[in-house]
Amino acid sequence: MEWQDEGLVIGARKYGEAAVILELVTRVHGRHLGVVRGGRSKAMRPVLQPGNLVSAAWRARLEDHMGAFVVEPLANRAARYLDRAAALHGVTLLATLLRLLPERDPHPQLFEMANVIAAGLDRPDAAAPLMARFELSLLAALGFGLDLESCALTGACENLAFVSPKSGRAVSRDAGAPWAPRLLPYPQFLQDDIDVAPPEAAIAEAFRLTGYFLTRNVLGPRGAAMPASRALYLDALANQRRSSQTTRAS
């Protein structure tokens with residue numbers, strides 16, 4: 001058995017004296033593990049860092065075996081993360097979220113989204129809205145998609161402002177006003193295809209929304225908590241914004 005695919009590196013661990021077990025999310029073959037011979041060499045270590053894009057050839061005697069990878073670099077990004085806290089925590093969060101996918105279950109749209117995020121993590125203002133959209137898409141891929149097309153109370157498709165924490169359905173601003181404190185915000189940028197940088201408050205609202213349903217529907221039933229990297233990522237984003245505002249003010 002063998003195939004070749006593009007893969008986003010999400011982790012590698014020591015295997016024997018010189019090899020590693022590499023974990024990729026690939027475009028066609030989903031989340032996949034394989035042994036990389038010589039993966040701990042000086043030449044290979046920089047290639048096998050989370051966030052990098054590689055060309056991977058996988059081979060195994062039987063399909064259900066772990067098999068082995070031969071990889072070539074396509075985009076080495078990890079070095080760009082080193083002096084940026086938001087990027088470092090962001091790539092850790094992205095890898096953790098991707099590990100929620102079943103092994104060898106292909107999700108090409110999620111691969112494309114994750115690859116774009118990894119390429120832009122050193123630009124936090126661009127990456128943060130994409131990360132929130134990714135979490136929303138991940139919920140759908142795992143079978144817990146939210147019903148956000150129309151208002152659960154009126155059927156209206158416009159002026160949607162809230163999401164019910166019970167049903168996961170959208171609620172319009174007018175219909176939801178009496179229960180607003182009990183509802184989750186539904187920021188406008190999650191509803192639009194327009195590539196405009198949303199305000200800081202809207203990004204925080206989006207992560208509050210996705211975080212609630214990830215915890216309730218995905219992590220909680222697995223006996224897991226929200227990864228620490230998520231809070232660290234959001235804190236790093238906030239710190240960077242404050243630093244930028246201070247710089248502009250001075």
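Q: Which residues of H4 and H6 meet in this predicted model?
A: On the H4 side they are Ala128, Pro129, Met131, Ala132, Glu135, Leu136, Leu138 and Leu139. On the H6 side they are Ile203, Ala206, Phe207, Thr210, Gly211, Phe213, Leu214 and Val218.

Q: How does that contact split by class?
A: The contact of H4 with H6 has 13 nonpolar residues, two polar and one charged.

Q: What angle do H4 and H6 pack at, and how far apart are the axes?
A: The angle is about 25°, and the axes are 9 Å apart. H6 covers residues 200-219.

Q: Parallel or antiparallel, then?
A: Roughly parallel, because angles under 35 degrees count that way.

Q: Left-handed or right-handed crossing for H4 and H6?
A: Left-handed.

Q: What about H3 and H4, how do they pack?
A: H3 is residues 108-120 and H4 is residues 124-141. They pack at an angle of about 160°, with 9 Å between their axes. That makes H3 roughly antiparallel to H4.

Q: Which residues of H3 and H4 meet?
A: H3 brings Leu110, Met113, Ala114, Val116, Ile117 and Gly120. H4 brings Pro124, Ala127, Leu130, Met131, Arg133, Phe134, Ser137, Leu138 and Ala141. By class, the contact of H3 with H4 has twelve nonpolar residues, two polar and one charged.

Q: Which hand is the crossing of H3 with H4?
A: H3 passes H4 in a left-handed crossing.

Q: And H2 against H4, what angle and axis distance there?
A: H2 and H4 pack at about 15°, and their axes are 12 Å apart. The two are therefore roughly parallel to each other. H2 passes H4 in a left-handed crossing.

Q: Which residues make the contact of H2 and H4?
A: From H2, the residues are Ala86, Gly90, Leu93, Leu94, Leu97 and Leu98. From H4, they are Pro124, Met131, Phe134, Glu135 and Leu138. The class count for H2 with H4 is nine nonpolar, one polar and one charged.

Q: Switching to single residues. Where is Ala87, and is it buried or exposed?
A: Ala87 lies in helix H2. Its relative accessibility is 0%, so Ala87 counts as buried.

Q: What does Ala87 touch, leaving out residues up to four places away in sequence?
A: Tyr81, Leu121 and Asp122. Ala87 and Leu121 are 34 residues apart along the chain, and their C-alpha atoms are separated by 4.9 Å.

Q: OK, Glu63. Where is that, and is it buried or exposed?
A: Glu63 is in the loop between strand E4 (53-59) and strand E5 (68-75). At 54% relative accessibility, Glu63 counts as exposed.

Q: What is Glu63 in contact with, beyond neighbours within four places in sequence?
A: Met1, Trp58 and Arg104.

Q: How far is Glu63 from Pro50?
A: Their C-alpha atoms are separated by 25 Å, with the two residues 13 apart along the chain.

Q: You mentioned Arg104. What is its phi?
A: Phi of Arg104 is near 65°, a positive value in a residue other than glycine. Arg104 sits in the loop between helix H2 (85-98) and H3. Arg104 is partly exposed, at a relative accessible area of 28%.

Q: And Asn159, what is the phi there?
A: About 60°, which is positive although Asn159 is not a glycine. Asn159 lies in the loop between H4 and strand E6 (160-163). With a relative accessible area of 43%, Asn159 is partly exposed.

Q: Zooming out, how many helices and strands are in the protein chain?
A: Seven helices and eight strands.

Q: How does the radius of gyration of the chain sit against the globule rule?
A: The radius of gyration is 20 Å, close to the 18 Å the rule gives for 250 residues, so the chain is as compact as a globular protein of that length. Along the principal axes, the C-alpha atoms fill a box of roughly 65 × 50 × 35 Å.

Q: What share of the chain is buried?
A: Buried residues make up 47% of the 250 residues.

Q: And what share of contacts joins residues at least 24 apart?
A: 54%, counted among contacts between residues at least 6 apart in sequence.

Methods. Residues numbered from 1 in each chain as written. Predicted model: local features only at pLDDT ≥ 70, side-chain atom pairs only at ≥ 80, totals over all residues. Heavy atoms only, no water. Axes fitted to C-alpha atoms, helices over the stretch in contact; angles between N-to-C directions. Helix = DSSP H or I, 4+ residues; strand = E, 2+ residues; numbered from the N terminus. Parallel < 35°, antiparallel > 145°, perpendicular 65-115°, else oblique. Left-handed = near helix turned anticlockwise from the far one by under 90°. Contact = heavy atoms within 4.5 Å. Nonpolar A, V, L, I, M, F, W, Y, C, P; charged D, E, K, R; others polar. Rg over C-alpha atoms; globule rule 2.2 N^0.38 Å. Buried < 20%, exposed > 50% of the residue type's maximum accessible area, 1.4 Å probe, protein only.
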